[in-house]
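Dear colleague,

Please find below the structure that I am handing over to you, together with its sequence. My findings follow directly after it.

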Amino acid sequence: MIFANGAQAFGNVPDRMAGERARQALLRDQTMKKIIDTSPSRRQVLQLAATVAACAVAAKSPNAAESLKGESDNAYVPADGVATFESVWQTVRDRFFDQRHNGLDWLAVREKYLSDVQRATSQYSLARIINTMLSELHASHTRFYTPDEPEYYQLADIFVGALRSRGLQRAFPDGRISYPGIGIISGFEARGRNLVTSVIDGTPAQQAGLRAGDEIVAADGTAFEPIGSFRGNVGKSVVLEVHRGASVLQIPVVPVDLEPTRMFLRGLESSARVIESNGRRIGYVHVWCYAGSIYQRALESLLSQGALKEADALIWDLRDGWGGAQPQYLDLFNAWAPTMQVTDRSGRSEFVNVKWRKPVAMLINRGTRSGKEVLAYGFKKYRLGELIGTRTEGAVLAATAFLIGSGLLLLAVADVRVDGERLEGVGVTPTIEVEAGAASGPEDPQLSRAVAVLSAT
């Protein structure tokens, strides 16, 4: 989920009939006159600022591998593509957090890319053009996603409340947000390879033995696509061609219909385990997504009455995934406040204001973004424990989402400062720097270092 920034030149594609060009021009004029109603309520604004943007992804620019895909799409309507581009451009004009658009002449930017949009031949090439335009803003939380990307569904689920008034029913008529997948976080790197960044706990990908660093080349003999390779194959075995170091593996995996919140919650709960080291019991948990209090409650349950209750120390893994954490989640480690246990007449107990008063370490990396970075900042500043790994992404803007055309626009709509400091473009450095392990190996040196630190305490 880390993508290089940069511009992309687009080759010429023969124009359609003159009548089609006229239709596009008329549609553009109509679209430019239309004012998009995107004004949030005061409650939504306050909630948005408090959550410090449910997620963060650097603007994704096209690369060599992506440009080979999707150049022909019989369902694509050029006029609709122009309308989508105009709506994205206008939404950025009206809602981007910086009214000066980070120094860009936004009207000139529209003119720069409009001719490329008019020549686009598929939804995929349209999205590439839009994202190249958005990358010029040099801002996190600003990207256009398509239904061919898992992030489209994950963000729709994260921002489901805001999207109910922004076309959610049109995109998901039955109200259920899901996609066919196996539970990996992956993306194209600079050389065009689709690399697995992380494997979410409790998913088919983990069960099949996929690892971070694996390059997925093909699925059932055809070029791999994060969504397309699994459409129509839910519950069926799909054989992935995986390059792992110098080895080429054939790994069968059974995709399922993934609901993002359930997947991330199960991933958190499935990750929880106790690692025995030097006579100490080190608890470990990975919070894959923090966009909702449900994840914090699940963590508190694991610590107060679940698998981590008897641990002597805790490793809190905030690497990769989505942000959305609220600053008050750090109160979990406030040793000066009491925890209550409330028991009803049936004997059922619930813990309130759960606190962890034992040693703790946090794992971070470049995939630690947004609200998770706010937690990392506070964890380090107030010396709650060691921060282990590599510098965080530096993607700390407040965002919201818009369903536009057949895609989803994630847009930074407010600047954020933490204790007066701006973390956007800066990130948080660890107290103990440890690089990630080799792509071909199962070792996790960052986790190993955290275990060593806590077991020596």
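**Findings**

At 61% relative accessibility, R348 counts as exposed. Its side chain meets that of D344 in a salt bridge, with 3.3 Å from N to O. D344, for its part, is partly exposed, since its relative accessible area is 32%. Please bear in mind throughout that this is a predicted model.

**Salt bridges**

The count of salt bridges comes to 19. One of them joins the side chains of R176 and D257, at 2.6 Å from N to O. This pair links distant parts of the chain: R176 belongs to the loop between α8 (168-171) and β2 (179-181), whereas D257 belongs to strand β9 (residues 256-258), and the two are 81 residues apart. R176 has a relative accessibility of 35% and therefore counts as partly exposed. D257 is also classed as partly exposed, because its relative accessible area is 34%.

**The open sheet and its helices**

Three strands make up an open sheet, in the order β1-β18-β17, with antiparallel pairing. Its edge strands are β1 (143-145) and β17 (398-404), each of which pairs on one side only. From one strand to the next, the twist averages 25 degrees.

Between β1 and strand β18 (residues 407-414) there are three bridges, in the antiparallel sense. Within this pairing, R143 has L410 in β18 as its bridge partner. Helix α6 (residues 150-158) packs on the sheet and touches β1, β17 and β18, its direction making about 55 degrees with that of β18. Helix α3 (residues 78-95) also lies across β1, β17 and β18, but runs at about 15 degrees to β18.

Helix α3 contains D80. With a relative accessible area of 44%, D80 is partly exposed. Along the chain, D80 and Q123 are 43 residues apart, and their C-alpha atoms are separated by 9.7 Å.

Strand β3 (residues 184-188) and β4 run antiparallel and are joined by five bridges. In this pairing, G187 stands opposite L195 of β4. How many residues of strand β4 (residues 194-199) are buried? Five of its six residues are, so the strand is largely enclosed by the rest of the structure.

**Aromatic pairs and charges over rings**

The count of aromatic pairs comes to eleven. In one of them, the ring centres of Y153 and Y179 lie 5.4 Å apart and the planes meet at 25 degrees; the pair is classed as stacked because planes under 30 degrees apart count as such. Y153 is located in helix α6 and Y179 in strand β2, so the pair ties together parts that are 26 residues apart in sequence. Both Y153 and Y179 are buried.

F224 and F230 form an edge-to-face pair, with 5.9 Å from centre to centre and 70 degrees between the planes. F224 and F230 are likewise both buried.

R143, already mentioned as the bridge partner of L410, lies over the face of Y145 at 4.4 Å from the ring centre. R110 lies over the face of W89, at 6.0 Å from the ring centre.

With kind regards

Definitions and conventions. Residues are numbered from 1 along each chain as its sequence is written. This is a predicted model: local features need pLDDT of at least 70, side-chain atom pairs count only at pLDDT 80 or more; totals for chains, interfaces and linings use all residues. Side-chain values use heavy atoms; hydrogens and water are left out. Two strands pair if DSSP finds at least two bridges between them. Helices (H or I, at least four residues) and strands (E, at least two) are DSSP runs, numbered from the N terminus. Axes are lines fitted to C-alpha atoms, for helices over the stretch in contact, and angles run from 0 to 180 degrees between N-to-C directions. Contact means heavy atoms within 4.5 Å. A salt bridge is a side-chain nitrogen of Lys or Arg within 4 Å of a carboxyl oxygen of Asp or Glu. Buried means under 20% relative accessible area, exposed over 50%, partly exposed in between (1.4 Å probe, protein chains only). Rings of Phe, Tyr and Trp (its six-membered ring) pair if their centres lie within 6.5 Å; planes under 30 degrees apart count as stacked, over 60 as edge-to-face and the rest as tilted. A charge sits over a ring if NZ of Lys or CZ of Arg is within 6 Å of the ring centre and within 35 degrees of the ring normal.
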